[in-house]
Amino acid sequence: MYIKVKCNIIFNVVLFLFLQVSFSQTITVLEEGNGQPIPSVALYNLKKTKYVVTDSVGKAKLDKFNPREIIFFQNLLYEKMQLRKFEIAENNYTIYLTPKIEGLDQIVISVSKFEQSKRDIPQSIVSINAKDITLANPQTSADLLDNSGNVFIQKSQMGGGSPMIRGFSTNRLLITVDGVRMNNAIFRGGNLQNVISIDPLSVQSTEVTLGAGSVVYGSDAIGGVMSFYTKKPQLSYKDELLIDGNALLRYSTANMEKTGHFDLNLGYKKWAFLTNVSYTDFDDLRMGSNGPDDYLRPEYVIRQNGEDVIVPNNDPQIQKPTAYSQINLMQKIHYEPSDNLKFDFGLYFTTTSDYPRYDRLLRPRGETLRSAEWEYGPQQWFMGNAQITKTTSSSNLYDKIQATVAYQNFKESRRDRDFRSPLREVREENVDVISFNLDLEKRLSQKTSFFYGLEYLYNIVGSEGQEENIEANTIAQNITRYPDGATWQSFAAYSSFKYKPNSRFVFQSGLRYNHVIANADFTENNEFLNLPFNDAEVNTGALTGTAGITWSPSNMIQWKLNASTAFRAPNIDDIGKVFDSEPGSVVVPNNNLKAEYAYGGELGLKLNFDNAVILDMATYYTFLDNALIRRDFELNGDTEIIYDGELSTVQAIQNASRAWIYGFEIGAEINFSDYLKMRSQYNIIGGTEDNNGVEVPVRHVAPNFGRTHLVWNRNKLLLDAFLIYNNELSFNQLAPSELSKDYLYASDANGNPYSPSWHTVNFRAQYFWNDKFTFTASLENITDQRYRPYSSGIAAAGRNLILAFKYTL
């Protein structure tokens with residue numbers, strides 16, 4: 001009897017332990033904060049040979065995992081986590097995941113090439129996510145930046161969009177796409193439209209660094225860095241193929257925009273493929289009805305019976321000609337053999353149709369128009385890149401490492417012909433770019449991290465010029481815009497250090513050394529120019545640095561202080577370009593240029609009153625020394641030469657100026673309830689530059705501008721009523737280069753050119769029919785204002801109805 005009782009006790013204990021172990025093999029995954037179960041969380045090992053997914057109540061069995069095996073937890077809406085199986089057991093098989101927050105704890109990549117908390121960064125960074133892009137429905141990536149509220153956009157024509165950030169623009173700003181530098185050797189000081197080559201419908205997120213970024217990105221990153229991150233292929237964490245994607249149709253009334261888009265993702269366990277295609281067709285843009293008559297288009301030139309004729313515009317609010325079209329293609333491949341090793345490959349191609357340079361077609365000559373034709377040929381951009389990322393390592397040199405190699409090709413061209421002239425000037429450019437980046441991160445301790453890397457860039461420029469006689473059907477060689485075969489190279493090494501002794505204080509600093517070599521041969525162009533030299537060379541180095549702190553004495557207050565230096569080395573556009581900068585002027589090469597330097601500081605303050613009211617303020621100052629700027633020049637002792645058949649004043653890019661830029665920014669967010677909030681952003685910018693001993697306004701200092709949104713979001717419906725506003729720039733506030741383009745501006749009471757203030761009232765709605773269908777409708781510029789943003793050559797859209805329909809697989 002005793003033995004039987006003892007056996008029963010042993011059996012019951014063993015059964016209890018067996019059941020306990022079996023039960024404990026089931027994990028429950030909950031959301032931190034509210035304790036709600038999380039379905040569809042992927043759990044897998046390092047090599048991804050074992051997978052399970054949580055069910056509808058957040059549970060999954062761990063039987064297939066070994067006790068000391070690392071298990072990774074992943075869901076797109078939550079922060080990634082990794083634990084060993086025995087650690088999970090120690091937590092009673094209950095794990096809490098933290099939701100990804102897009103507020104104070106937002107993650108940014110652009111500052112160090114690796115993920116960091118936005119709170120730790122001493123600079124101001126503006127983030128735009130995929131939801132913002134879907135709601136705003138930007139026609140181009142220039143419009144995407146404009147919706148941030150911190151970036152001012154200039155447009156010379158509808159196929160344009162030149163960002164201005166804190167008083168800097170064009171080749172003093174840097175653009176990156178998936179970590180690859182887009183700026184090339186012919187990025188100019190005049191307005192640029194390369195940003196429209198980035199498909200906004202392919203963009204997952206955008207980070208705009210306000211202020212210098214030369215330590216990580218090198219030359220050109222003086223005023224800011226615009227980092228675009230496109231959509232990534234998604235793997236399947238189940239035993240079945242993951243198929244998802246989107247299709248979108250959009251129509252806008254102001255320019256009869258017709259856009260079609262689709263993207264398709266095929267995800268396997270270790271391989272994923274993403275295809276992205278967009279096509280957009282724009283008709284001529286209609287301006288508003290209420291505003292200065294100076295912006296109207298009363299007449300334009302056509303070719304009729306072999307002769308140029310000026311004809312009246314039946315509707316002067318239609319800006320003829322401005323129509324163009326664009327196609328964007330992207331293919332990505334992702335391979336992830338293990339959780340800490342990733343391979344990414346991407347192919348990108350975009351091209352526009354021919355598109356008119358509208359501002360040049362407005363130029364008068366006496367009582368007629370100066371140009372019969374002025375258009376850009378197709379703007380093409382191709383990029384192929386390959387990236388290897390390892391996110392964990394036992395190496396003494398790094399914890400994370402990322403290597404990126406890329407090839408880019410840029411094509412652009414210009415065609416112009418004067419009114420009633422048979423001679424058409426044609427110039428075509430082609431730039432090939434090879435780049436290599438190596439970026440590493442090493443965590444030295446719980447409090448300190450070290451980032452460092454290397455970069456190499458190689459650019460070679462192809463340039464052709466010819467003169468066509470459209471009556472005689474003859475073609476003759478002509479001066480090229482750039483010296484054909486010119487090269488530009490950059491070698492760089494950088495490092496940065498992050499010290500975070502506690503959650504309230506962070507110190508970051510960095511250094512970069514950059515060496516730039518450029519060579520240009522003018523032998524062919526000297527047949528036309530007779531320069532006093534046959535070649536030009538740049539061989540210069542630059543050391544730049546940054547240091548800053550973030551300090552949060554309480555949950556309500558956060559201070560940011562940052563000081564930095566930045567530089568821009570002369571490129572081929574600076575040392576070798578020949579072009580007509582304005583009527584009666586021609587820019588010629590200069591072989592005596594050196595880098596320009598910027599020295600700046602920024603102080604920021606963020607006040608958070610229990611998330612009910614949030615104020616974000618920053619003030620900054622930048623001094624630009626040895627500024628590369630266009631000034632009058634002499635060529636063989638002559639101040640004027642004949643260019644394209646016209647006597648023109650000689651000018652050249654020179655280190656001939658200094659500039660002082662300063663400003664103040666304030667953003668506000670008021671959360672009235674869980675459903676209603678107000679967001680507002682306002683930017684005040686000022687600055688002067690030295691013009692032969694006289695301080696004058698800076699061309700790229702935009703007027704004060706801002707926007708205010710009142711947003712209601714509940715259940716399936718989002719409503720957004722918003723104002724966009726822009727201050728006046730008076731005649732005395734216009735830069736000298738802008739005064740020479742008075743035909744682009746309104747006239748004040750004294751008949752002088754100026755840029756009037758303007759505002760628009762706008763409303764948009766977004767309705768989520770279900771998890772598949774989304775409908776967005778916007779009515780912009782409701783009061784049909786007629787306005788032209790500062791320095792632009794084209795008036796903005798009048799009243800504009802935008803309808804977009806999106807389907808998600």
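Two strands count as paired if DSSP finds at least two bridges between them. Strands (E, at least two residues) and helices (H or I, at least four) are DSSP runs, numbered from the N terminus.

Before going on, I note that this is a predicted model, where local features need pLDDT of at least 70, side-chain atom pairs count only at pLDDT 80 or more, and totals for chains, interfaces and linings use all residues. Residues are numbered from 1 along each chain as its sequence is written, and side-chain values use heavy atoms, with hydrogens and water left out.

I found an open sheet of three strands, ordered 11-12-13 and paired antiparallel. Strand 11 (152-154) and strand 13 (168-169) sit at the edges with a single partner strand each, so one side of each has no neighbour in the sheet. Two bridges link strand 12 (residues 162-165) to strand 13, and Met164 stands opposite Ser169.

Entry two: further along. Strand 52 (residues 758-768) and strand 53 (residues 773-780) run antiparallel, joined by six bridges. Which residue of strand 53 is the bridge partner of Arg764? I found Ser778. Ser778 also has a bridge partner in strand 54, Ile802. Eight bridges join strand 53 to strand 54 (residues 800-808), again antiparallel.

Glu527 is in helix 7 (residues 526-529). Buried or exposed, I wondered about Glu527? Glu527 counts as exposed because its relative accessibility is 67%, and the cut-offs are under 20% for buried, over 50% for exposed and partly exposed in between (1.4 Å probe, protein chains only).
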